Each structure stands twice: as C-alpha cells, then as structure tokens.
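My entries follow, in the order in which I made them.

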Amino acid sequence: MPQILPDFSSSVKLKYVKLGYQYLVNHILTFLLVPIMAGVVLEILRLGPEEMLNIWRSLHFDLLQVLFSSFLIIFIATVYFMSKPRSVYLVDYACYKPPVTCRVPFSTFMEHSRLILKDSPKSVDFQMRILERSGLGEETCLPPAIHYIPPNPTMEDARAEAETVIFAAIDSLMKKTGLKPKDIDILIVNCSLFSPTPSLSAMVINKYKLRSNIKSFNLSGMGCSAGIISIDLARDLLQVYPNSYALVVSTEIITPNYYKGNERAMLLPNCLFRMGGAAILLSNKRREKSRAKYRLVHVVRTHKGADDKAYRCVYEQEDPQGKVGINLSKDLMVIAGEALKSNITTIGPLVLPASEQLLFLFTLIGRKIFNPKWKPYIPDFKQAFEHFCIHAGGRAVIDELQKNLQLSAEHVEASRMTLHRFGNTSSSSLWYELNYIEAKGRMKKGARVWQIAFGSGFKCNSAVWKCNRTIKAPMEGPWQDCIDRYPVHIPEVVKL
Amino acid sequence: MAEVSWICKRTVVSTKPVEAGKFCPLSVLDRIMEHNHVRVVLYYRCPKERKAGESIRMLRESLAELLSAYPIVTGRLLKTAEGHWMIKCNDAGVRMVEARAKGSVDKWLQNFDREKELNLVHWEPMFHKLYFWSTFYVQLTEFEEGGLAIGLSCGHLLSDPICVTIFIKAWADMTLNGKMVTPPLFHRLPRRRQCNETTNPQPFPELINYYKSTLEKPVPVVQAKQTTIKIAFGDEMVRSCIAMSHAPGSPDEPSPTPFQALAGLFWVGISKIKGLKNGLITMSICLDMRKVLGLDKGFFGNCMVYNQVPGDGIEEYELSKAANAIREVVDTMDAEGIMNLIEWMEGKADQFSCLMNGYDLICVNLEHVDSYSAIFEDNFKPIHASYYIEPTVGEGMILVLPSPLAKGSFSRVVMITLPEDEAINLLEDKLIQQFSPTILMMADKKHTTANSDP
C-alpha cells in the first residue's frame with residue numbers, strides 16, 4: 001500500500017494510483033460480489049435444469065417451516081422499517097431581503113462612527129481597519145434604528161425589526177409552498193440576542209393565528225450556530241410526531257445590540273453583523289418527498305464549553321463605562337479550529353467514503369505504532385460533498401476553514417459572496433449561502449451539502465443535506481436582482 | 001423655540017452603490033462660492049387622512065431612489081493636487097433631519113419670520129474634517145394639524161439656488177412618477193473656441209475687474225444683526241412699476257423686465273433708507289447664465305455670475321435711470337464676456353478665499369426658478385417658497401422670486417435681507433408703498449419691539 005504523503009500528490013502517476021485505490025475501496029462490495037455472482041451463474045449453467053429441480057425436491061419443505069420462515073422475514077422487515085428514523089425533508093425555505101433604503105455603504109458607516117465616537121479617534125481608526133479587511137460589500141443593511149445619529153434603539157424598534165424580518169420571511173415561504181397557518185404543527189424560532197416576553201415564537205403565533213395545540217419553542221442565547229440547533233430540534237420532534245410540518249425561523253435582531261461604547265474588542269460585532277433572517281419548512285410527510293428540495297441526512301453537534309477558554313471566547317459583558325457589548329477574545333480562531341477538528345472527527349466516519357476512512361485509519365495506526373512524526377492525514381471532504389456552506393462569520397473564519405479543509409475558491413465562493421452581499425447575518429447566513437448555490441444553478445439532484453456553523457459557547461455544528469431534485473435557476477429570492485454580478489473579486493484591503 | 005421639535009437625524013444613501021474611484025471636479029464658478037450656502041424652504045398642504053410620519057417615509061424612499069442619479073450630492077469634499085476643492089463620490093449620503101411642528105402649515109405662514117423659518121431647514125457649518133461633512137442637508141417637518149415643509153440646504157460650492165430647485169423638482173418627479181423628467185448632467189463649463197483670432201483680447205474688462213477687486217478683499221466680519229422680510233407684488237403693480245421705470249425719452253429701448261424694474265425700485269428705496277445723497281449705493285446683480293452659455297436644462301453646478309452696477313451719477317433717486325443702468329449691465333453679460341471671465345479665473349492659481357456677495361448690496365435674479373412645479377403628490381402644489389443665500393454680511397441682499405400664481409404673470413415675490421431698522425423703514429417708504437405690496441413675512445418680532453417708536 002503506497003504511503004501517500006502530501007508532498008508527492010503533484011505527481012500525475014500518483015494521482016491515477018490514488019483514483020484507482022479510491023474506486024477499489026469504495027466499491028469493494030461490488031468487486032467481491034461480481035466474482036461470486038459469476039461463479040453461481042456458471043454453476044447453475046453447468047448443472048442444467050433437471051439437476052436444479054432435483055436439488056429443489058430434496059429440500060423438504062413442510063408447512064410449519066414455510067410459515068415460520070415467512071413470519072420471521074416479515075417480522076424482521078417490520079422491525080427494520082419501524083425503527084428506521086423518519087426521513088426529514090426540507091420542503092422549501094425563504095430568506096429575507098432587506099429593503100434598499102436600509103443600505104449602509106462603508107463611507108456612511110465610518111462617518112457615523114466618527115460623529116458618534118468623536119472622543120475616541122483610535123476606536124474609529126480601529127473600526128475603519130476592520131471594515132477595510134472585513135470582506136463586506138457596499139450593499140449590506142442595518143435596521144432603521146441604527147441609522148440615526150446617534151442611534152437610540154428602543155425595545156419598540158427591536159420588536160419592529162423582528163416583525164419586519166420574520167414576517168417577511170414567513171410570508172415569502174408561505175407563498176412559495178402554499179403552506180396554510182393551521183397546518184404548522186411545530187414552530188421553532190431562534191434569535192440569540194433579543195429575547196422579549198412574550199417570545200418571538202408567540203409573536204409569530206399571534207400574527208398568523210396558529211393552532212392552539214402547536215408545539216412552539218424559542219431558542220435564545222445560542223449564538224450563530226443556533227440555526228443548526230433548531231434544525232436538530234425539529235428533526236427530533238419530527239421523529240416523535242408523525243405526519244407533521246415544522247416551521248423553523250432563524251434570525252438575529254441587530255437593533256438592541258449595537259454597542260455604544262468604545263472598547264475595541266467589543267466594536268467588532270458592530271462592523272460585521274447585519275440584518276437578515278430565514279424561514280425553513282421541514283416535514284416528515286411522505287407526500288412531500290416529491291416536491292421537497294433536500295433531505296436531512298446528518299446533524300452533528302460539538303460543544304467545547306467544558307473548556308474555560310472556549311467558554312469565555314465570545315462573552316457578553318459590560319465595558320468599564322457600563323455599556324453592554326460582546327467581547328471577542330484574541331484566540332477565537334484557534335478555538336474555532338479545535339472545535340472544527342472535534343466536529344470533523346465525529347462527522348468523518350458518517351460521511352466519508354471508505355477509501356478516505358481507511359487512509360485515515362492507516363495513518364492513525366502508523367502514527368501511534370511506527371512513527372509519531374508522520375503528518376496527520378486530513379481526509380478529503382471534497383469527496384464526501386459537492387457543496388459547502390461555511391457560516392459567514394467573518395473573512396478570517398472562511399479563510400481558516402478553506403485552509404484546514406483544503407477547499408478550492410469555488411467551494412467557498414457561496415460563503416464569501418454571502419459575506420460580501422449580506423454581511424454576517426448570524427444563524428441565517430447558511431441559508432443565504434445555500435440560496436446562492438441554487439441561484440447559480442449548481443444544485444443538482446443527489447448533490448450533498450455540508451453546512452458548518454460556529455457559535456458562542458463554543459460550539460461547532462454541522463448539518464448534511466442531500467439534494468432531492470435539481471433546482472432550476474433563475475428563481476425568486478434575495479439574490480434575484482444581483483446574482484449576475486457575482487462572483488466579485490473581493491480585495492484584501494478596501495481603501496476607504 | 002418649542003414650535004419645531006426634532007424627531008431624529010439620519011443619513012439617506014442612494015439605492016444603488018456608486019462605483020469606487022469616481023471624482024467630480026468643481027468649476028471656478030463653484031469654487032468661488034466656497035463660503036456661502038443656500039437654503040430653500042417649500043411648504044405644502046397634505047391630504048387629510050395622512051398618518052403621522054407617512055409623508056416623511058415616502059419622501060425618504062424617493063430621495064434614496066433619486067440620489068442614485070446624483071453621485072456628486074452624496075460625495076464628500078477633498079482637495080486636488082493643486083489645492084482646489086473637488087468631490088470624491090464615496091457614496092456617503094446626505095443628512096436628513098425629521099421634525100414636527102405645532103399647528104398647521106397655513107397658520108404657520110400667517111405668523112413666521114426669518115428665525116422661525118430657518119428652524120425648518122437644518123444646516124451645519126463646515127467643520128475642520130471636511131471629509132466627514134455632508135454638503136447637503138434635508139429637513140422634513142410635518143405640521144401636526146396638516147402640512148409639510150421641505151427644507152434643503154447645501155454648500156454654494158456645489159450648486160446655486162437654481163440648481164437646488166432643479167434637484168427638488170427632480171425629487172418631486174421621482175416621488176410622483178418614479179422617474180425624472182430632466183436627468184442631471186455633470187460637465188464642465190463651456191470654453192471659448194480657440195479659432196477666434198480677431199476678437200479683442202479682453203472685451204468687457206469691467207466684469208473681470210469686478211471679480212478681481214472682490215477677490216482681493218478680505219473676508220468681511222459680520223456686523224449688525226440682519227433680518228429678512230418678504231413682500232409680494234401683484235401682476236398689475238409690477239406692470240405699473242415697469243411703466244414707471246421705462247425711461248421717458250427713449251421709446252425704442254425695450255421696456256425693463258420685471259427683475260430690472262423691481263431691482264431698480266429697491267435700489268432706489270434702500271439707498272434712500274441708508275441716507276445716501278450723491279447717487280445710489282453700489283449694487284451688484286447676480287444673474288443666471290445658463291441660457292446665455294447655452295447649457296442644457298439638467299446642468300448641475302453653479303452658473304450665476306455677479307456684476308457691479310455703478311450707482312453714482314443717478315441723482316434724485318430716479319427710478320428710470322436706475323432701471324436703465326441695470327439693463328445696460330445685464331446686456332453686457334453675454335457668452336463671450338462670461339467665458340473670458342471663466343478663462344481668467346482658471347488662470348488664477350490661488351484659492352478663492354473671498355466672499356463673493358459680502359460687500360455691496362446684492363440683487364439676485366431668481367425670477368425664473370421653477371419652485372412651484374415641484375409637485376410631490378397629485379394636486380398638491382407648493383403654497384409658498386423661500387430662498388436664502390447665507391451668510392448675509394454685506395449691505396443687504398435682494399432675491400427676486402417668482403410668485404405662486406400662474407406662469408407668464410408678472411407678479412413677483414421679493415425677499416430682502418437688511419439690518420433690522422433699515423428693513424422696517426423700507427416697508428414704510430413711499431415709493432414702495434405706491435405699488436401696494438403684500439407683506440408675507442415680517443421682520444423678527446423680538447427685535448422690532450425693542451426698536452419701534454412708542
């Protein structure tokens with residue numbers, strides 16, 4: 001077995017060897033089965049039909065045996081089908097498109113920053129440097145309350161933003177799917193930083209007059225990965241409740257969380273977080289299989305909260321002046337890398353083809369027994385997935401993951417372009433990225449998508465979807481009017 | 001001033017992003033107006049069923065649409081390599097202030113003065129970090145009992161009052177119909193053709209000499225407190241003023257235009273008030289040169305030129321002689337002369353640190369400005385329009401504006417800014433009283449009470 005080290009992979013011959021190896025290992029069952037089948041067929045041909053009939057008559061079948069056998073077969077089949085988890089289908093989803101009047105160009109953001117923080121020019125310069133390197137574009141949007149000089153967000157403004165975003169997304173989803181409010185059995189709303197009473201899920205129930213026996217949940221405080229947590233919760237509930245629809249709403253309300261102080265570590269979210277939201281319809285109904293876009297294959301959740309450093313890495317606190325903001329620690333990227341490794345270790349065996357798993361196993365054994373100096377083998381996830389949706393948390397996150405997973409520019413294009421057009425919309429960014437891939441006409445039947453999200457805690461959550469039917473572009477959605485302009489080249493530093 | 005209360009201040013940006021790296025140069029006529037700013041207020045009535053804040057929201061959205069066509073308005077000032085001002089189109093937006101006022105718009109118009117009116121149009125003087133200073137300010141004030149006031153102010157560096165009106169009209173078209181009738185054009189001022197060898201090297205040196213002498217003066221200091229009054233002259237009265245201004249011994253000469261007649265009238269009146277005995281006070285007129293230079297209607301920028309009208313030699317406050325002198329100067333301001341002036345100014349490498357209208361009595365011709373066709377909603381024309389060119393630190397300023405009545409009518413509205421006591425005395429002048437003007441806006445109440453005779 002050739003030891004494939006990264007340095008040699010540029011050689012063409014080795015590439016073919018690698019391909020041959022992958023084919024062999026991934027289809028090993030076929031390779032084993034073919035000679036057996038061939039042997040059986042040859043044997044049958046050799047024996048001839050009379051011999052076959054003689055062998056048949058020599059097996060003494062009596063009624064009891066036949067009955068027992070058939071019952072056993074039926075019993076095993078029933079147990080198998082009953083214990084199989086229900087398939088969860090993603091019928092459709094809708095992303096919120098903010099109005100053009102909420103647009104915040106870089107120069108406006110910097111001007112406001114200078115006017116509001118006129119006593120801290122260093123903080124303003126810091127914000128400017130962040131914005132220049134952020135990877136955001138000139139069309140990202142902030143809610144109206146943040147456009148004022150100075151911003152004075154009230155609870156009423158926050159509720160207004162929540163209503164605008166959530167209701168628009170749900171309306172769009174209902175139009176696309178023909179869903180009626182009374183059909184919704186499960187409702188999950190996740191919004192990390194705004195948690196009023198009554199909850200946002202109650203707000204949705206009130207607006208759409210949902211049923212009184214609805215199972216509603218409101219997840220708050222769970223950070224940017226809460227979208228996948230909601231999907232996981234919906235999936236578990238759909239195992240318990242047959243024939244149901246689950247509506248998941250993922251959003252982040254920016255209005256109440258604008259940091260008004262001047263601590264540098266806490267100014268970062270102001271520069272990156274933008275308005276956005278998504279509504280997703282999941283179902284376990286069999287008849288949705290024909291029109292559903294995706295089928296949920298796996299959800300893997302990894303929580304590194306047991307480690308103190310990971311726990312404190314994204315921390316909401318008051319600054320010395322008493323203003324509340326979110327403090328991002330300097331080792332955020334390191335912790336994210338660790339959380340990702342953890343997640344990959346769990347998800348790898350579930351999704352990777354046998355060839356990659358074997359290689360990983362061999363290098364692991366080799367490192368443990370022969371030589372610890374061998375480089376750990378990073379499995380090639382590009383063989384397991386056609387599309388990647390990496391949470392657009394910031395340019396650094398996408399760069400880090402691209403490097404760690406050895407992805408090409410095209411794989412991370414959806415994430416980078418979503419960051420450019422919409423900014424960091426927190427838990428809903430994965431849906432904007434998925435929508436980008438669809439809008440580009442790249443989503444074909446059978447394609448596998450990997451959504452990865454990071455969040456405070458520190459969590460790394462993944463969801464794996466399989467495309468159920470080819471999705472045709474052009475389509476309605478937030479990318480409708482600008483998809484032709486993308487992809488754009490995003491410079492390292494934008495000169496302001 | 002509890003009558004007008006602020007709701008909020010924000011920035012309105014265009015709906016389409018501006019391409020990076022776009023710059024708009026400013027012409028010499030722009031740069032010479034660096035220390036001035038323009039303020040315009042338009043008043044409207046509103047439909048009765050309108051909810052509070054709805055008009056403002058509608059206007060804000062249409063303004064955002066409009067700004068996509070005006071990258072120069074949303075840009076910021078920057079100095080070129082030569083040290084001149086230019087605009088970097090960095091997509092920063094314009095400031096908007098939203099306010100609320102007590103009462104209704106009609107009640108307001110019965111009892112307002114300069115100070116109150118200036119509360120309806122927000123302005124921020126240039127601060128030293130000019131890159132973050134918005135050049136345009138919009139204020140939308142909703143009257144609690146019905147009505148809307150739209151106030152727009154901008155640095156004179158970018159546009160003169162006529163250009164501001166064209167911008168407002170474009171905004172109104174965008175709100176009403178979703179598109180502009182006259183899209184803006186951004187180009188340089190026309191140049192003299194090089195092939196003319198036979199022309200005089202410097203015809204009409206008076207214009208250039210006037211600019212030369214003004215540029216050499218230091219920036220004046222603000223003196224006595226000034227106030228503004230606004231009076232309206234009916235069609236009949238303007239016609240009789242024109243008749244009176246027509247020189248009796250020269251029937252072949254064309255009769256004065258309403259501007260020339262009214263300018264002459266106020267020139268005489270103000271000279272009398274100021275107590276000048278030998279001839280009239282030095283006056284400068286400011287005229288729009290767009291038609292003269294053959295510019296397209298959508299031209300964006302400054303195109304108003306000042307020229308001095310000599311007043312000595314006009315004895316006995318003779319109206320016809322005054323109007324004649326004005327007419328003569330107007331006639332000399334033709335395309336050749338203006339282009340010579342522009343060429344001469346471009347030749348001057350220094351910066352323009354003077355105040356163009358800070359010394360003499362200035363009379364500005366805005367009679368053809370199109371403010372009353374800025375209709376934002378069907379059937380709601382502006383009921384009133386006010387213009388200010390600030391700061392007023394010279395002898396005084398007269399703006400001749402159109403009236404809200406039908407086009408083609410000779411009726412006019414005149415806004416006069418003078419030191420307070422002179423303004424009050426002017427209203428009582430017999431010559432002006434002869435034309436029975438209607439007083440639309442009085443001098444500031446607070447100060448008149450102190451000065452009035454018991």
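**Chain A overall**

I counted 15 helices and 11 strands in chain A; helices (H or I, at least four residues) and strands (E, at least two) are DSSP runs, numbered from the N terminus. This is a predicted model, in which local features need pLDDT of at least 70 and side-chain atom pairs count only at pLDDT 80 or more, while totals for chains, interfaces and linings use all residues. Residues are numbered from 1 along each chain as its sequence is written, chains are lettered from A and ligands numbered from 1 in the order in which they are written, and side-chain values use heavy atoms, with hydrogens and water left out.

I boxed the C-alpha atoms of chain A along the principal axes and got roughly 100 × 60 × 45 Å. Of its 496 residues, 48% count as buried; buried means under 20% relative accessible area, exposed over 50%, and partly exposed in between (1.4 Å probe, protein chains only). I then took contacts (heavy atoms within 4.5 Å). Among those in chain A between residues at least 6 apart in sequence, 79% join residues at least 24 apart.

I noted 61 positive and 44 negative side chains in chain A, with the centres of the two sets 3 Å apart. Lys and Arg count as positive and Asp and Glu as negative, and His and the chain ends are not counted. Each charge is placed at NZ of Lys, CZ of Arg, CG of Asp or CD of Glu.

**Helix H6 of chain A**

I checked the length of H6(A), residues 155-177. Its 23 residues should span 33 Å at 1.5 Å a residue, and the end C-alpha atoms are 33 Å apart, which agrees; the expected span is 1.5 Å times one less than the number of residues. The buried residues of H6(A) include A:Ala158, A:Ala162, A:Val165, A:Ile166, A:Ala169, A:Leu173 and A:Thr177. An α-helix has 3.6 residues a turn, so residues three or four places apart point the same way. What do the buried residues of H6(A) pack against? I found strand S1 (88-95), helix H7 (200-208), strand S4 (245-252) and strand S5 (276-283) of chain A. Just after H6(A), A:Gly178 has a positive phi of about 70°.

In H15(A), residues 429-439, I found 11 of the 11 residues buried. One of its residues is A:Tyr432, which counts as buried at 0% relative accessibility. Leaving out residues up to four places away in sequence, A:Tyr432 touches residues including A:Cys95, A:Gly276, A:Phe422, A:Pro478 and A:Trp479. After H15(A) comes A:Gly441, with a positive phi near 75°.

A:Ser426 sits in the loop between H14 and H15 of chain A. Its phi is near 60°, positive although the residue is not glycine, and A:Ser426 is buried, with a relative accessible area of 1%.

**Other loops of chain A**

Most residues other than glycine have a negative phi, and most peptide bonds are trans. I logged the exceptions below.

- A:Gln406, in the loop between helix H13 (395-404) and helix H14 (413-422) of chain A, has a positive phi near 55° and is partly exposed, with a relative accessible area of 45%.
- The bond from A:Ile149 to A:Pro150 is cis, with omega near -10°; A:Pro150 lies in the loop between helix H5 (121-133) and H6 of chain A.
- The bond from A:Thr197 to A:Pro198 is also cis, with omega near 0°; A:Pro198 lies in the loop between strand S2 (186-191) and H7 of chain A.

I also looked at A:Leu210, in the loop between H7 and strand S3 (215-219) of chain A. A:Leu210 is buried, with a relative accessible area of 10%, and touches A:Pro181, A:Ile184, A:Leu187, A:Val204 and A:Ile205, not counting residues up to four places away in sequence.

**Strands of chain B**

Is S3(B), residues 37-44, enclosed or open? Eight of its eight residues are buried, so S3(B) is largely enclosed by the rest of the structure. B:His37, B:Arg39, B:Val41 and B:Tyr43 point one way, and B:Val38, B:Val40, B:Leu42 and B:Tyr44 the other.

S3(B) runs antiparallel to S8(B), residues 148-155, with eight bridges; two strands pair if DSSP finds at least two bridges between them. S3(B) also pairs with S13(B), residues 384-390, in the antiparallel sense over seven bridges. B:Val40 stands opposite B:Leu152 in S8(B) and has B:Tyr387 as its bridge partner in S13(B).
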